[in-house]
Amino acid sequence: MNFIEFREKYIDKFQDLYFIFEPDVGYIVWRFGTGENVELLHIRAFTTGKGDGPRLIKMMLEKLKENPPYFSVFGFLLDENIPMKKVYNKMGFNLVEGLVGPYKHGKSCLMWQDYKVLCEKNGI
């Protein structure tokens, strides 16, 4: 392996952040991780209860179709964020609750699911 191959495989593809920003809806930010995984970093719907969180996640899943393959989509949220845990659960994510460590203040919840399963469950 030469330096260029090393950079392409282990450095370059992990440095970029990808996002969708919809002024009337909200935003979602993700990056590519090792093992062909996608890490959801930030999601924010500007208004609650209108389905904008799921809409943003579906938009991200659609965008990911442009550059496959992916194995899974995962992320962390505070364990106390009950509304978002319900959203992720309804969309087909698995939830592992009560984790200590990922967040400085409070326990966290890992959410994850196979990319293909998420697409199927959400009509993508």
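W30 is buried, with a relative accessible area of 3%.

Tutor: Keep in mind throughout that this is a predicted model. We can begin with the aromatic rings.

Student: How many aromatic pairs does the structure hold, and is the pair of Y18 and W30 stacked or edge-to-face?

Tutor: The structure holds nine aromatic pairs. A pair of aromatic rings is described by the distance of the centres and the angle of the planes. For Y18 and W30 the centres are 6.3 Å apart and the planes stand at 20°, and because planes under 30 degrees apart count as stacked, that is the class of this pair. The answers are therefore nine pairs in the structure, with Y18 and W30 stacked.

Student: Which parts of the chain does that pair tie together?

Tutor: Y18 belongs to strand β1 (residues 18-22), while W30 belongs to strand β2 (residues 26-33). The two residues are 12 residues apart in sequence, so the parts tied together are β1 and β2.

Student: What is the geometry of the pair formed by Y18 and F32, and how is it classed?

Tutor: Y18 is partly exposed at 29% relative accessibility, whereas F32 counts as buried at 15%. Their ring centres lie 4.7 Å apart with the planes at 55°, and the pair links distant parts of the chain, with Y18 in strand β1 and F32 in strand β2, 14 residues apart. Since stacked needs planes under 30 degrees apart and edge-to-face over 60, the class of this pair is tilted.

Student: Which residues do ring pairs link into a cluster with Y18?

Tutor: Both partners discussed above, W30 and F32, are members of this cluster.

Student: Which element gives the most to the largest nonpolar core?

Tutor: This core has 25 residues, and those with the most contacts inside it are I57, L64 and V73. The elements that give two or more residues to the core are β2, β3, α2, β4, α3, β6 and α4. With five residues, the element that gives the most is α2.

Student: What does L64 touch, leaving aside its neighbours within four places in sequence?

Tutor: L64 is one of the residues with the most contacts inside the core. With those neighbours left aside, the residues in contact with L64 are W30, F32, V38, Y70, V73 and Y115.

Student: Why do the buried residues of α3 lie on the same side of the helix?

Tutor: The buried residues of α3 (residues 82-91) are M84, K85, V87, Y88 and M91. They lie on the same side because they cover an arc of only 160° around the axis. The face turned away carries the exposed residues P83, K86, N89 and K90, while the arc asked about is 160°.

Student: Which residue caps the N-terminal end of α3?

Tutor: A side-chain oxygen lies 3.3 Å from the backbone nitrogen of M84, and the residue that provides this oxygen is N81.

Student: Where is the cis peptide bond, and which residue has a positive phi although it is not a glycine?

Tutor: Most residues other than glycine have a negative phi, and most peptide bonds are trans. The cis bond has an omega of about 15° and joins P68 and P69, with P69 in the loop between α2 and β4.

Definitions and conventions:
Residues numbered from 1 in each chain as written. Predicted model: local features only at pLDDT ≥ 70, side-chain atom pairs only at ≥ 80, totals over all residues. Heavy atoms only, no water. Buried < 20%, exposed > 50% of the residue type's maximum accessible area, 1.4 Å probe, protein only. Helix = DSSP H or I, 4+ residues; strand = E, 2+ residues; numbered from the N terminus. Arc of directions from axis to C-beta. Polar contact = N/O pair within 3.5 Å; in protein donor to acceptor, adjacent residues only side chain to side chain. Phe/Tyr/Trp six-rings, centres within 6.5 Å; stacked < 30°, edge-to-face > 60°. Core = buried A, V, L, I, M, F, W, Y, C linked by side-chain atoms within 4.5 Å. Contact = heavy atoms within 4.5 Å.
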